[in-house]
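Please have the viewer open as you read.

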Amino acid sequence: MSIIMEPGASDYQIRNVVKKMKTYGVDVLKVKGKYQTFLGAIGDESRLDFDALSAMDGVERTNPVQIDVKYPLVNRRFKNDDTIVEIGDGKTNKVYIGGEKPVYIAGPCSVESLEQMREVAGYVANLAAKDNYGQYMLRGGVWKPRTNPHTFQGLGEEGLNILARIRDEFGLPVVTEGMREEHMQKIADSADAIQIGARHMQAYDLLKAAGKTGKPVIFKKGTDHSVEEFLQASEYILVGGNGKGQSGIVFCPRGSHTKDVKYIRNRPDTEALLVLSAETYFPAIFDPSHSIGRREYVGNVSAAAMAMGAHGLLIEVHPDPQKAMTDAMQQVTPGEFKQIVNACNGIHKMRREYDILR
Ligand code: PEP
Ligand code: MN
């Protein structure tokens with residue numbers, strides 16, 4: 001069950017209700033929002049006395065359904081201001097996801113070698129130096145969640161070291177995906193953000209481990225999951241301790257399974273961006289590369305995501321896409337990336353100009 005306190009409920013009233021709930025043997029999840037406080041019962045609810053709780057001072061209503069607000073910690077209802085997620089530190093430039101300017105996270109699907117990463121990073125750094133609107137960071141997978149175990153699985157720690165070296169050389173923040181709990185701290189120690197991949201959207205212990213590091217988490221949506229499941233799963237990151245200091249969640253839809261696999265990899269689920277912005281105060285970016293899975297369409301899907309309110313894009317960029325060890329069909333060249341950025345900066349500006357666009 002859950003309790004919503006009245007908008008003006010005092011700390012004293014809230015404390016009393018929490019105390020009363022605990023006498024029934026449950027733990028209490030308290031979320032203090034800007035306007036209202038939410039109290040959720042966790043544990044065996046069979047002894048809860050609804051009438052007694054409903055009658056207490058400051059209680060607006062009780063809801064017998066188990067936690068009616070399914071994602072209280074990320075819910076806009078309890079924190080109206082948008083959160084800007086800051087990524088990077090003194091050794092890199094900083095990017096602010098969810099603010100006035102879009103963020104482009106660019107780089108290959110997989111870190112393949114130091115030379116490959118240098119080449120991509122050089123292009124991105126060059127673009128970053130010339131673009132006074134977009135913000136930039138680098139990506140590159142080192143632990144790869146491959147559908148087939150007989151394919152390239154990533155360079156592992158060697159790849160993470162390459163990424164860390166590139167970060168120091170170019171001063172751009174970096175992100176990579178962690179697949180196991182022990183990866184999380186390693187990424188936190190040498191990168192600027194942790195990516196949780198689509199396949200691990202509901203790997204709850206992994207989410208808690210990522211949250212515990214206090215690093216920002218770029219959280220991908222699963223290919224067969226609803227936005228509601230996505231939001232609920234994100235609570236595990238915050239239960240793990242994220243949300244304090246330089247941390248936070250960046251939601252990232254990346255396409256849903258489609259019947260049209262003959263032509264495209266996934267169906268770009270850009271509508272998730274609209275729902276996320278209505279439901280959560282954390283920012284959302286979009287991944288056009290895995291969403292559509294075809295290089296020739298990545299530009300259009302990027303533009304569509306920008307029009308649907310994305311705060312940024314995660315785009316796979318490879319110096320020689322045809323030769324890529326993973327996801328060769330969807331990676332764009334640095335030149336194509338530059339064109340996409342130009343178009344998307346324009347759409348982002350237009351969004352700020354016309355109120356009808358969120
Ligand atoms: C990736 O970004 O490299 C990746 C594997 O993405 P996803 O988890 O969305 O498939
Ligand atoms: Mn990929």
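## Contacts with the ligand

In the side chain of Gln195, an N or O atom sits 3.0 Å from an oxygen atom of ligand 1, a polar contact in the sense of a pair of N or O atoms within 3.5 Å. Arg199 also places a polar side-chain atom 3.0 Å from a ligand 1 oxygen, and for Lys220 the distance from a side-chain N or O atom to an oxygen of ligand 1 is 2.8 Å. The protein buries 97% of the 290 Å² that ligand 1 exposes when taken alone (Shrake-Rupley areas, 1.4 Å probe).

This is a predicted model, in which local features need pLDDT of at least 70 and side-chain atom pairs count only at pLDDT 80 or more, while totals for chains, interfaces and linings use all residues. Residues are numbered from 1 along each chain as written, chains are lettered from A and ligands numbered from 1 in written order, and side-chain values use heavy atoms, without hydrogens and water.

## The shell around ligand 1

The residues around ligand 1 include Arg139, Lys144, Glu177, Arg254, His290 and Glu316 (a heavy atom within 4 Å). By class, the shell has seven charged, three polar and two nonpolar residues.

## Buried and exposed residues

Phe219 belongs to strand S11 (residues 217-220), a DSSP run of at least two E residues. Phe219 has 0% relative accessible area, so it is buried (under 20%; exposed is over 50%).

Ile356 lies in the segment after helix H11 (334-353), and it counts as exposed because its relative accessibility is 76%.

Key:
Polar contact = N/O pair within 3.5 Å; in protein donor to acceptor, adjacent residues only side chain to side chain. Nonpolar A, V, L, I, M, F, W, Y, C, P; charged D, E, K, R; others polar. Helix = DSSP H or I, 4+ residues; strand = E, 2+ residues; numbered from the N terminus. Buried < 20%, exposed > 50% of the residue type's maximum accessible area, 1.4 Å probe, protein only.
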